[in-house]
Amino acid sequence: VSVFDTESGLLLETLWAALYPESPLGSTPNSLALTPDEELLFVANADNNMLAVFDVRTLGKSRSLGFIPTGWYPTSVRVTPDGKRLLVANGKGFASKANVNGPKPGLKLPRASTREYIGRLFKGGLTVIDLHPAKDFHAKLADYTAQARRCSPLRPDASTWGERSADNPIPLRPGDPSPIKYCLYIIKENRTYDQVLGDMPKGNGDPSLCLFPERITPNHHELAREFVLLDNFYVESEVSADGHEWSMAAYATDFVEKTWPLKYGHGRLEKFPYPSEGNLPVAASSGGYLWDRAHEAGITYRSYGEFVYNGATPRDPARSKVKNLVGHIDEWYRGFDLGYSDLKRAERFISELRRFEAEGEMPRLQILRLPNDHTHGSTPGFPTPTAYLAENDLAFGMIIEALSRSRFWSQTAVFVVEDDAQNGSDHVDAHRTIAFAISPYIRRGTVDSTLYSTASMLRTIELILGLQPMSQFDAAARPMYNAFQATPDLRPYRALPANISTTTKNTASAW
């Protein structure tokens, strides 16, 4: 928080609102309030779910007094005119929740199928804190501060997670050696765990919520069964606008968080820019993206369709204006376009893999978009949802089979996640999603119920490649140590064929 002299415009001082000195980006201070006597300043740290409190009586010598826990994502803080109470509006309410009545087909009541859509779960909330009498408030502030720190996973040293064995292939710190050299990071679109893997015999699934069971997604199921089933994995995001930001930066800016509801909540605003993937510079994280960290570390990298824009037709080469991605994309790999087959995307990636094999090296970080599990709903002329999922599943299997039979397999780890989980129901939480870790170093045939998130996956990639964290969230995230083992199992994967048509189209009467 910067303090200026309003007459001269000179900067008087800068207040550090984070929990710890020199914490990475991620506190997101977005609202300020002064007491009527202008002695205390309260700063809403949206992403820390707390207020920072400062004594500002002496300009240029302000000091931090501590922190106050709030609800989820405080967006406004105000002091009542009498100075006796502090009011905090929490934009996302107080807790996430399951959404068994969330988006799912077949419900007959009007709009019932979206009554627990993730964007409708945020009811907001108000926190009221007594500031009077002042001596009581200051006495409580030490307890408030201790609670705020207990509620945060961020620590001054965020590199020590106790469950890591000494021979784990995932390093303890960036720069430590790892037998894994290459990371492929695959981003898919919008599924919850129960929607796809809810029918798995092992793991915490609800078969009644499974829309795309093993008959439709045999490779998703076999890969989860053969490598590791992650049944306690969550996205930090709500929708694709913040989902691709979280997937690539372990952070979404306050601008993104506050603008996506305008777009998603009001479908008529077609001209409103999509606040993500490089469309608007103000949406970009100042902490950088995964490719920025690779660039800084001198790690070779390439994006297939992520933060990349296509031309007017599938024949037009892709482009990117995003810093540090120019010259690091596959121009002939098509990004998000539901009129283009994931099977063609898989074929393109595999052809590039063959080229890299012939050349003897491939980029150490590759980011690949495989988006058609998004589906086009019941829109006439587009593939049915089951056809889209079957296509996406087969493409997924083809990519893993090709990579597992390549010369690079013994040094490779593949990480797969949905950018968000907005388009489905889940009996645990609306943010729980399908995720995969695939490598010779995976503890094969296991279920890992460790609580992980997208930031955990990013942290694991960073540790393997020697990259520094991008935000407080990947800095504090639990790496995926429990999913890996020291001894590699080099058995390749064989893709399973589709059990249903991948080309069946919706008719005008599709339900």
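Visitor: What does Phe473 count as by its relative accessibility?
Guide: A residue is buried under 20% relative accessible area, exposed over 50% and partly exposed in between (1.4 Å probe, protein chains only). Phe473 has 22% relative accessibility, so it counts as partly exposed. Trp246, at 4%, counts as buried. The model is predicted, so local features need pLDDT of at least 70 and side-chain atom pairs count only at pLDDT 80 or more, while totals for chains, interfaces and linings use all residues. Residues are numbered from 1 along each chain as its sequence is written, and side-chain values use heavy atoms, leaving out hydrogens and water.

Visitor: How many aromatic pairs does the structure hold?
Guide: A pair of aromatic rings is described by the distance of the centres and the angle of the planes. Rings of Phe, Tyr and Trp (its six-membered ring) pair if their centres lie within 6.5 Å; planes under 30 degrees apart are stacked, over 60 edge-to-face and the rest tilted. The structure holds 13 aromatic pairs. One of them joins Trp246 and Phe473: the centres are 4.9 Å apart and the planes stand at 80°, so this pair is edge-to-face. It links distant parts of the chain, with Trp246 in helix α4 (residues 240–249) and Phe473 in helix α10 (residues 472–476), 227 residues apart. For Phe396 and Phe436 the centres are 5.2 Å apart and the planes at 75°, so that pair is edge-to-face. Phe396 belongs to helix α8 (residues 385–404) and Phe436 to strand β16 (residues 435–438), 40 residues apart in the chain. Both Phe396 and Phe436 are buried.

Visitor: Which residues do ring pairs link into a cluster?
Guide: Trp246, Tyr251 and Phe473 are linked in this way.

Visitor: Over which ring does the charged end of Lys92 sit?
Guide: The rule asks for NZ of Lys or CZ of Arg within 6 Å of the ring centre and within 35 degrees of the ring normal. The charged end of Lys92 sits over the ring of Tyr73, 5.2 Å from its centre. It also sits over the ring of Phe122, 5.6 Å from that centre.

Visitor: Which residues have the most contacts inside the largest nonpolar core?
Guide: In soluble globular proteins, nonpolar side chains tend to be buried together. A nonpolar core is a set of buried Ala, Val, Leu, Ile, Met, Phe, Trp, Tyr and Cys residues joined through side-chain atoms within 4.5 Å. The largest one here has 89 residues, and Tyr185 and Phe415 have the most contacts inside it. Helix α8 gives the most to this core, with 8 residues. Leaving aside residues up to four places away in sequence, Tyr185 touches (heavy atoms within 4.5 Å) residues including Leu290, Leu368, Phe415, Val417 and Ile461.

Visitor: In what order do the 5 strands of the open sheet run?
Guide: Helices (H or I, at least four residues) and strands (E, at least two) are DSSP runs, numbered from the N terminus, and two strands pair if DSSP finds at least two bridges between them. The order is β13-β14-β10-β15-β16, with mixed pairing. β13 and β16 are at the edges with a single partner strand each, so one side of each has no neighbour in the sheet. The twist averages 10° from one strand to the next, where axes are lines fitted to C-alpha atoms (for helices over the stretch in contact) and angles run from 0 to 180 degrees between N-to-C directions. Within this sheet, β10 (residues 182–188) and β15 (residues 412–418) run parallel and are joined by 7 bridges. Cys183 stands opposite Ala413 in β15. Helix α9 (residues 454–465) lies across β10, β14 (365–369), β15 and β16, at about 160° to β15.

Visitor: What is the order of the open sheet of 3 strands?
Guide: That sheet runs β7-β8-β9 with antiparallel pairing. β7 (74–79) and β9 are its edges, each with a single partner strand, so one side of each lacks a neighbour in the sheet. Its twist averages 20° from one strand to the next. β7 and β8 (residues 85–90) share 5 bridges, and Arg78 has Leu87 in β8 as its bridge partner.

Visitor: Which residues have a positive phi without being glycine?
Guide: Most residues other than glycine have a negative phi, and most peptide bonds are trans. Glu22 has a positive phi of about 60°; this residue is in the loop between β2 (11–14) and β3 (29–34) and is exposed, with a relative accessible area of 66%. Phe307 has a phi near 60°, in the loop between β13 (301–304) and α7 (342–359). Phe307 is buried, at 1% relative accessible area.

Visitor: Where is the peptide bond that is cis?
Guide: It runs from His132 to Pro133, with omega near 0°. Pro133 is in the loop between β9 (125–130) and α1 (134–150).
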